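Open the model in your viewer and keep the sequence beside it. This tour moves from the whole chain to single side chains.

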Amino acid sequence: MLRALILLLALAGPAAAAAVPAGIPLWEGAETGMTTEEVLQAFPEATPVPKGERAGKEGPAGGELRVTIERVALGPDPYAARFYFGRSGLQRVILDRHLEGDMAFSRGLKLAGRVRDAMSEHYGEPVTRETGGDGYMVTWRQDAKRVRLVVITQSYEVKSFQVVYEPRPQD
C-alpha cells in the first residue's frame, strides 16, 4: 500500500525540475517566474515563510515553499495556498484542502466529485483520470498550464487533498 502511495506522489510531480518559462498563468493572478516579492504584492493576505522554516518544505518535484496563504476558499471549502519557487521564480501553486483531522473516504469521494465537476466546468473535460487503491488524480490542460486534482487515501481515509497549478510539461 505504501508503495502505491509513493508511486502516486511521484506521478503528482512533474518530471525533472527544469527551468520554468516565465509568464504562464497559474492561479488567481500568480504566474510562473514571479518573485517572492511580486507574489506578496499580488496577494496581500499572503505571508512569507521565514528562511529558517523552509528546510524540508519542498514541493512534490522540488521547489522551495516561500509564500503561503493560510485560508482561501475553493468553492465552499477551506484550503491553504502554497507557493513554490525555483531558480527562475514561481514554479507552482498548490492548494491544500484543510482536512481538520481525518476525512472519511466516502466524504472525500463526494468532495473530489464536486471539485472535479467544478474544475471541468472551468477547464473542460479532463485529459486523464487515474484511480487506484491509494488515490485519485485528474488532470486538465489549458494552454501552457496543467491543473491536477490529487487525492491520497490510506485505510479508507483521505490523507491529502490538493489542487496543483503548474506549467504543462513539454511533450
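Helices (H or I, at least four residues) and strands (E, at least two) are DSSP runs, numbered from the N terminus. This is a predicted model, in which local features need pLDDT of at least 70 and side-chain atom pairs count only at pLDDT 80 or more, while totals for chains, interfaces and linings use all residues. Residues are numbered from 1 along each chain as its sequence is written, and side-chain values use heavy atoms, with hydrogens and water left out.

**Stop 1: the whole chain**

Show the chain as a cartoon. It has three helices and nine strands. Follow the sequence and the order reads α-α-β-β-β-β-β-α-β-β-β-β.

Now colour by burial. Buried means under 20% relative accessible area, exposed over 50%, and partly exposed in between (1.4 Å probe, protein chains only). Of the 171 residues, 48% count as buried.

Accessible areas come from the Shrake-Rupley method with a 1.4 Å probe; for residues, only the protein chains shown count as cover. The chain's accessible surface is about 9200 Å², and carbon and sulfur atoms hold 53% of that.

**Stop 2: helix H3**

Select residues 105-123. This is helix H3, with 19 residues. Its first and last C-alpha are 26 Å apart, close to the 27 Å expected at 1.5 Å a residue. The expected span is 1.5 Å times one less than the number of residues.

Which residues of H3 are buried? Pick out Gly108, Leu111, Ala112, Gly113, Val115, Met119, Ser120 and Tyr123. An α-helix has 3.6 residues a turn, so residues three or four places apart point the same way.

Next, show what covers the buried residues of H3. Contact means heavy atoms within 4.5 Å. The cover includes strands S3 (77-86), S4 (89-97) and S5 (103-104). It also includes S7 (135-142), S8 (145-154) and S9 (157-167). Step past the end of H3 to Gly124, whose phi is positive, near 90°.

**Stop 3: a nonpolar patch**

Select Phe105, Leu109 and Tyr156. They make a nonpolar surface patch of about 380 Å². Like charges are joined within 9 Å, and nonpolar side chains (Val, Leu, Ile, Met, Phe, Trp, Tyr) within 5 Å.

Tyr156 sits in the loop between S8 and S9. Is Tyr156 buried or exposed? Its relative accessibility is 71%, so Tyr156 counts as exposed.

**Stop 4: Arg97**

Go to Arg97 in strand S4. Arg97 is buried, at 9% relative accessibility. Show its contacts, leaving aside neighbours within four places in sequence: Asp77, Pro78, Tyr79, Met103, Arg107, Leu111 and Phe161.

**Stop 5: the aromatic cluster**

Rings of Phe, Tyr and Trp (its six-membered ring) pair if their centres lie within 6.5 Å; planes under 30 degrees apart count as stacked, over 60 as edge-to-face and the rest as tilted. The structure holds four aromatic pairs.

Select Trp27 and Phe43. Their ring centres are 5.6 Å apart and their planes at 5°, so this pair is stacked. Trp27 lies in the loop between H1 (2-12) and H2 (36-42), and Phe43 in the loop between H2 and S1 (47-48), so the pair ties together parts 16 residues apart in sequence. Trp27 is buried at 9%, and Phe43 is buried at 5%.

Phe83 is in strand S3, so the pair ties together parts 56 residues apart in sequence. Phe83 is buried, at 0% relative accessibility. Keep the three selected: Trp27, Phe43 and Phe83 form one aromatic cluster.

Terms used
Patch = residues over 30% accessible without salt bridge, like charges linked within 9 Å, V, L, I, M, F, W, Y side chains within 5 Å. Salt bridge = Lys/Arg side-chain N within 4 Å of Asp/Glu carboxyl O.
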